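I opened this notebook to record what I looked up about strand pairing and helix packing. The entries follow the order in which I consulted the structure.

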Amino acid sequence: MGVQGLLRDKVALVTGGANGIGRAAARALYGAGARVVIADLDQMAAERAAEAMGGDVLGLPVDVRDRTSMQTCVDRAIASCGGIDILVANAGVSSMRKAVELTDEDWAFNFDVNAKGVFLANQLVVRHFLATGRKGVIVNTASLAAKVGAPLLAHYAASKFAVLGWTQSLARELAPEGIRVNAVCPGFVRTPMQDREIIWEGELRGMTPEDVRKEYVALTPLGRIEEPEDVADVILFLASDLSRFMTGQGINVTGGIKMD
């Protein structure tokens with residue numbers, strides 16, 4: 001079976017799927033034969049991404065911070081597609097500030113989306129897996145910052161460390177049910193989020209955005225900026241039976257920045 005048939009007859013829900021890693025992941029899953037549901041806070045962007053992909057891709061609104069919104073999204077995906085087999089919990093945010101200057105709002109913003117959003121999406125889809133006897137698969141988007149703390153990103157790193165702790169714990173709980181839970185830990189990925197971050201970091205460090213990005217490349221042993229597709233292909237692997245004996249893993253996709 002080639003890549004085109006890896007996920008035949010599977011349904012995949014991707015949160016934060018309108019742009020960046022989420023959109024690339026949705027394309028990869030669709031290309032492998034899955035029925036894909038793209039969910040995003042920006043409903044119009046989700047619908048545009050779904051339309052651009054063609055076929056029977058569905059675009060739905062979701063606020064992953066809100067249980068009712070997440071439940072409505074899951075219910076609509078199930079009603080439209082007959083169930084969910086794969087969840088890519090990818091929705092995420094970032095902001096930058098020195099740790100001693102962080103506000104309660106900075107902390108809550110990152111944790112509400114990055115940690116609580118993963119918790120809600122995972123929990124509600126797992127309930128569906130258990131209720132229907134599905135041996136489903138979850139892939140959570142963590143970060144290089146889930147493995148190594150980062151200056152100016154202490155709150156973001158803390159929220160992503162939480163994603164890995166949750167992923168490992170949930171994987172242990174669900175392994176007896178045949179449900180697998182893994183995470184990807186991307187490095188410096190060229191996304192709209194990175195476009196914002198290099199401006200913020202430049203301002204905080206007295207550098208141009210271009211010099212910040214050059215520094216990212218210099219820190220990457222493979223010598224280039226990571227692309228969303230680099231992460232999406234690993235998500236596809238984790239979502240498929242090619243990774244059937246892997247669970248509770250936080251897979252580094254960093255171009256060699258993190259090697260353990």
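**Entry 1: The sheet**

I began with strand S4 (residues 86–89) and strand S5 (residues 137–141), which run parallel and are joined by four bridges. I looked up one of the bridge partners: Ile86 is paired with Val137 in S5. I note that the model is a predicted one.

I then followed the pairing across the sheet. The sheet is open and has seven strands, in the order S3-S2-S1-S4-S5-S6-S7, and the pairing is parallel. Which strands stand at the edges? I found strand S3 (58–61) and strand S7 (250–253) there; each has a single partner strand, so one side of each is left without a neighbour in the sheet. From one strand to the next, the twist averages 20°.

**Entry 2: A helix on the sheet**

**Entry 3: H4 and H5**

I looked up the packing of helix H4 (residues 104–132) against helix H5 (residues 154–174): the angle is about 15° and the axes are 8 Å apart. Angles under 35 degrees count as roughly parallel, and H4 and H5 are therefore roughly parallel to each other. Their crossing is right-handed.

I listed the residues in contact. H4 contributes, among them, Trp107, Phe111, Ala115, Val118, Phe119 and Val126, while H5 contributes residues including Tyr156, Ala162, Val163, Trp166, Leu170 and Leu174. By class, I recorded 13 nonpolar, five polar and two charged residues in the contact of H4 with H5.

**Entry 4: H6 and H7**

I turned to helix H6 (residues 192–205) and helix H7 (residues 209–219), whose axes come within 8 Å and cross at roughly 105°. The range 65 to 115 counts as roughly perpendicular, and H6 and H7 are therefore roughly perpendicular to each other.

The contact is formed by Gln194, Asp195, Ile198, Ile199, Glu201, Gly202 and Arg205 from H6, together with Pro209, Val212, Arg213, Glu215 and Tyr216 from H7. How many residues of each class does the contact of H6 with H7 have? I recorded five nonpolar, two polar and five charged residues.

**Entry 5: H1 and H8**

For helix H1 (residues 20–31) and helix H8 (residues 228–239), I noted a packing angle of about 50° and axes 8 Å apart. H1 and H8 are therefore oblique to each other. The crossing of H1 past H8 is right-handed.

On the H1 side, the contact is made by Gly20, Ile21, Ala24, Ala25, Arg27, Ala28 and Leu29; on the H8 side, by Pro228, Glu229, Val231, Ala232, Ile235, Leu236 and Ala239. By class, I recorded eleven nonpolar, one polar and two charged residues in the contact of H1 with H8.

**Entry 6: The annotated span**

Finally, I consulted the UniProt record. Its unreviewed entry carries the annotation "domain: Ketoreductase" over residues 10–203. In the model, the end C-alpha atoms of residues 10–203 lie 45 Å apart, and the span is 52% helix and 16% strand.

How values were computed:
Residues numbered from 1 in each chain as written. Predicted model: local features only at pLDDT ≥ 70, side-chain atom pairs only at ≥ 80, totals over all residues. Heavy atoms only, no water. Axes fitted to C-alpha atoms, helices over the stretch in contact; angles between N-to-C directions. Helix = DSSP H or I, 4+ residues; strand = E, 2+ residues; numbered from the N terminus. Parallel < 35°, antiparallel > 145°, perpendicular 65-115°, else oblique. Left-handed = near helix turned anticlockwise from the far one by under 90°. Contact = heavy atoms within 4.5 Å. Nonpolar A, V, L, I, M, F, W, Y, C, P; charged D, E, K, R; others polar. Pairing = 2+ DSSP bridges. UniProt positions renumbered as here; feature names shortened; annotations may be inferred.
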